[in-house]
Amino acid sequence: MTSSLRVSRRALSAAVVAASALVAAATFAPSDASAAPRHAAAKVTLAQANVVVRVAPPTRRVVTTRPARPNARAVWRDGYWRWNGRKHVWVGGRWESNPKGTWVAGRWDKRPGGYVWIAGRWRR
C-alpha cells in the first residue's frame, strides 16, 4: 500500500510539473495549438493546465522605450509576469512581425485560492 501511494504521489507531482511546463512553454510559443510542445510522458492539454498560483503577480512594468519597429506591419506585444514554479519572472515585450489580427494581451485572473494565467491570443 505504501509503495503504490508513493507512485501515485510521484505521478501526480510529474503531472503538475508537466502542466506547469506546458503553461510556461505556451507563453513563448505561437498561439497556434499545433505549435504547442508535445510531451509523451504527460498528456495534459493547455486548456487543462490551469495552475493556481497563490502569490499575486507584481504590478505590470511600464516600458517607455521600445526597440525599433522592424517593419510597418509589426505589432508590439507587452511584457508580462510568468510563473516559473517558484516566483514570478518578467518576460519582456517584443515586436510580432506577422500579425494574425489584433493582439489581446495575457492577464492574471484572480480565482479562489490564488491567480491563474490567461495566455494572450490573436483575435481576428
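Leaving aside its neighbours within four places in sequence, with which residues is tryptophan 90 in contact? In this predicted model, tryptophan 90 is in contact with Arg60, Arg61, Gly79, Tyr80 and Trp81, where contact means heavy atoms within 4.5 Å. Residues are numbered from 1 along each chain as its sequence is written, and side-chain values use heavy atoms, with hydrogens and water left out. Because the model is predicted, local features need pLDDT of at least 70 and side-chain atom pairs count only at pLDDT 80 or more, whereas totals for chains, interfaces and linings use all residues.

The protein contains 1 helix and 8 strands, and along the sequence these follow the pattern α-β-β-β-β-β-β-β-β. Helices (H or I, at least four residues) and strands (E, at least two) are DSSP runs, numbered from the N terminus. Of the 124 residues, 27% count as buried; buried means under 20% relative accessible area, exposed means over 50%, and partly exposed lies in between (1.4 Å probe, protein chains only). The accessible surface comes to about 8900 Å², and 55% of it belongs to carbon and sulfur atoms. Accessible areas come from the Shrake-Rupley method with a 1.4 Å probe; for residues, only the protein chains shown count as cover. Among the contacts in the protein with a separation of 6 or more, 47% are between residues 24 or more positions apart.

In soluble globular proteins, nonpolar side chains tend to be buried together. The largest nonpolar core here has 9 residues, namely Val53, Tyr80, Trp81, Trp83, Trp90, Val91, Trp108, Tyr115 and Trp117. Strand S2 (80-83), strand S3 (88-91) and strand S7 (114-118) each supply at least two residues of this core, and the largest share, 3 residues, comes from S2. A nonpolar core is a set of buried Ala, Val, Leu, Ile, Met, Phe, Trp, Tyr and Cys residues joined through side-chain atoms within 4.5 Å.

Histidine 88 is placed in strand S3 and is buried, with a relative accessible area of 11%. Its side chain reaches the backbone oxygen of valine 55 at 2.9 Å. Not counting residues up to four places away in sequence, histidine 88 touches Val53, Val55, Ala56, Pro57, Pro58, Trp81, Arg82, Trp83 and Trp108. Glutamate 96 is placed in strand S4 (residues 94-96), and its relative accessible area of 13% makes glutamate 96 buried. The side chain of glutamate 96 makes a polar contact with the side chain of arginine 77 at 3.1 Å. A polar contact is a pair of N or O atoms within 3.5 Å; within protein, one must be able to donate a hydrogen and the other to accept it, and residues adjacent in sequence count only if both atoms are side-chain atoms. With residues up to four places away in sequence not counted, glutamate 96 touches Arg73, Ala74, Val75, Arg77 and Trp122.

A pair of aromatic rings is described by the distance of the centres and the angle of the planes. Rings of Phe, Tyr and Trp (its six-membered ring) pair if their centres lie within 6.5 Å; planes under 30 degrees apart count as stacked, over 60 as edge-to-face and the rest as tilted. By this rule there are 5 aromatic pairs. The rings of tryptophan 103 and tryptophan 122 have centres 5.2 Å apart and planes at 65°, so this pair is edge-to-face. Tryptophan 103 lies in strand S5 (residues 102-104) and tryptophan 122 in strand S8 (residues 121-123), so the pair ties together parts that are 19 residues apart in sequence. Tryptophan 103 is buried at a relative accessible area of 18%, and tryptophan 122 counts as buried at 11%. Ring pairs also link Tyr80, Trp108 and Trp117 into a cluster.

Charged groups were also found over rings. A charge sits over a ring if NZ of Lys or CZ of Arg is within 6 Å of the ring centre and within 35 degrees of the ring normal. Arginine 77 lies over the face of tryptophan 103, at 3.7 Å from the ring centre, and lysine 110 lies over the face of tyrosine 115, at 4.9 Å from the ring centre.

Arginine 73 is found in the loop between helix H1 (2-26) and strand S1 (75-77) and is exposed, with a relative accessible area of 55%. Proline 112, in the loop between strand S6 (107-111) and S7, is exposed at 78%.
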